[in-house]
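Student: Hey, I've just opened this one and could use a guide. Can we walk through it together?

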Amino acid sequence: MNKKYDTIIIGSGLAGINAANILSAYNLKIAIIDENHFSGGQYLRKLPENFKSNLIKYTTKIKKEGLKLVKKLQNNKNINFYQDSTVIGIYDNNKLLFENNGKAELIQGETLIIATGAREKYLPFKGWTLPGVISAGALQVFLKSNGVLPADKILIAGTGPFLYAVAYETLVAGGKIQGIFELNGFFKQIPFGFGLMRAPTKIIEALVYMEEILRRWTKLKYGWKIIRAEGDGKLEQVMLAKTDSKGDTIKGSEKTIKTNLLATGFGFIPNIELINMINGETEYKKELGGWIIKVNDELETSIEGVFSAGETTGIGGAEKSVIEGMLTAYSILKKMGKIDSTLYSKIVGKLKKKRNNYLKYAEYLNIVYSINDTHYKTVDDETIICRCEDVPLKEIKNAYQNGFKSLNSLKIFTRSGMGNCQGRTCGPIITEIIKSYEKGKIPEQFKIRKPAKPVNISSLVRFYEEEVKE
Ligand SMILES: Cc1cc2nc3c(=O)[nH]c(=O)nc-3n(C[C@H](O)[C@H](O)[C@H](O)COP(=O)(O)OP(=O)(O)OC[C@H]3O[C@@H](n4cnc5c(N)ncnc54)[C@H](O)[C@@H]3O)c2cc1C
């Protein structure tokens, strides 16, 4: 028998938990599903309870409040937490199948909130699959979730402010940073200053990070690109080169640095696969980080009763996720007739104003994360694009030149996107590569089918035998 809820929230990040907090206060029955073991999503990462070492000391107000909220919600009788639970698929009438602990379970919500956050974006280069080359997010996970400094000498490269956050975290954890190499030039960073005006709490955060980075005399370079990572079975050195304003490499500027770890970060991509699965509308907005879930002012998607909040509606950072989580909750309360209309208008008016402010901040944020098309157009042919299926660019290029122009046809022809991550990593890369060939024209996304993520076949068999067959 399906369990029924007033609202099912997918994702227990800042957006999800802030929605749950308000909805549960109005006595709605909530289910929160998250594939992580802990609630709190990317921003509230912390060590397991029994871990002694904690390498990260600085914390923001939003993080302190978020961690308090997670604790408070754990004891809420109106909320059922399904942690370590991966969504397999969404079906008609907001039915949702997920896997937990080797078993699949079907639940149904009168309303649904997709708050599945974001993942990292990549610009591939030769050697990026070598052990010792990781993402900036992975370096953060080592530090924040495991209390481990993964190497003694670390090189950081890519685009945007996340690099500085991770550099700061590495430094306070006792790590040595050999340099932060920003792909974009210094002048491209300047508009971000205007963005920060829209988000005063971010100014303090930025100052804390920069103070530590500069105090340690960390090398900061702008307009530098990774050419390749090299090593015999593991990373040994990285070659970088200076680029001109168009993104082309300046000959003779190449520089090789011996290192133990290269952490790269190029911003974030919204996790929107679940809305694609139920044919909800999406849109490509460069200024919000690429493909996002299309929502109206109440954050309802094109599918009635399905809402979305946080990074899924545009990359905008922690504050935007908090505000949107709250906003979806009030929209649901209004839809269900649970809130007085005057109170609703008063609260929501303020939230919408704040949201608009953070959407403006997001536009500046995504400028500093953005990558010039030239960088995708000039990826070396031997570079692996689909890491799961080991597909190099030359195979994708060859198929593309022979008429396989869409992501789906390239997937069928080359197997890129058919592996374990189901195109989450290579899909956005191929999108950007095609975009660079097609003078900015955006190709369609991969078609998303169930299961949304790899799932044990035994879970499905058991579900069939226990719930369906009878
Ligand atoms: C690797 C990484 C590191 C980041 N670090 C920082 C940082 O240090 N500072 C900062 O300001 N911002 C950081 N961000 C940006 C961050 O995403 C936002 O600041 C904010 O936390 C987003 O909140 P959210 O609720 O929208 O999403 P998230 O916090 O990402 O929460 C989404 C949740 O949905 C869950 N989920 C996703 N798909 C499924 C599924 N199919 N089934 C079940 N559960 C699912 C995830 O496990 C996750 O817990 C980071 C982003 C990433 C990707």
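**A walk through the model**

Tutor: Let's start at Lys 188, which sits in the loop between strand E10 (176–182) and helix H5 (190–198). Helices (H or I, at least four residues) and strands (E, at least two) are DSSP runs, numbered from the N terminus. Residues are numbered from 1 along each chain as its sequence is written. This is a predicted model, where local features need pLDDT of at least 70 and side-chain atom pairs count only at pLDDT 80 or more, while totals for chains, interfaces and linings use all residues.

Student: Switching topic: how is the protein chain divided into domains?

Tutor: There's domain 1 (3–119 + 269–339), domain 2 (122–266) and domain 3 (379–437). These bounds come from an automatic or database domain assignment. Taken over C-alpha atoms, the centres of domain 1 and domain 2 are separated by 30 Å.

Student: Where does the ligand lie, then?

Tutor: The ligand lies between domain 1 and domain 2, because both give residues to the shell around it.

Student: How many residues surround the ligand?

Tutor: There are 34, and the closest are Gly 13, Gly 41, Gly 117, Gly 137 and Gly 310. Being near here means a C-beta atom, placed from the backbone, within 6 Å of the molecule. Among the elements that each supply at least two residues of the shell are helix H1 (14–25) and helix H3 (136–146).

Student: What kinds of residues make up that shell?

Tutor: The shell divides into 12 nonpolar, 16 polar and 6 charged residues. Ala, Val, Leu, Ile, Met, Phe, Trp, Tyr, Cys and Pro count as nonpolar, Asp, Glu, Lys and Arg as charged, and the others, Gly among them, as polar.

Student: How do strands E12 and E13 run?

Tutor: Strand E12 (residues 224–230) and strand E13 (residues 237–242) run antiparallel, joined by 6 bridges. Pairing needs at least two bridges found by DSSP. Arg 228 has Met 239 in E13 as its bridge partner. The two strands form a hairpin with 6 residues between them, and Gly 233 in the turn has a positive phi of about 85°.

Student: Which residue other than glycine has a positive phi near 55°?

Tutor: That's Trp 217, found in the loop between helix H6 (200–215) and strand E11 (220–222). Trp 217 is exposed, with 7 other C-beta atoms within 10 Å.

Student: Last one: where is the cis peptide bond that has omega of about -5°?

Tutor: It joins Lys 450 and Pro 451. Pro 451 lies in the loop between helix H13 (426–437) and helix H14 (457–468).

Conventions:
A residue is buried if 20 or more other C-beta atoms lie within 10 Å of its own, exposed if 12 or fewer, and partly exposed in between; C-beta atoms are placed from the backbone.
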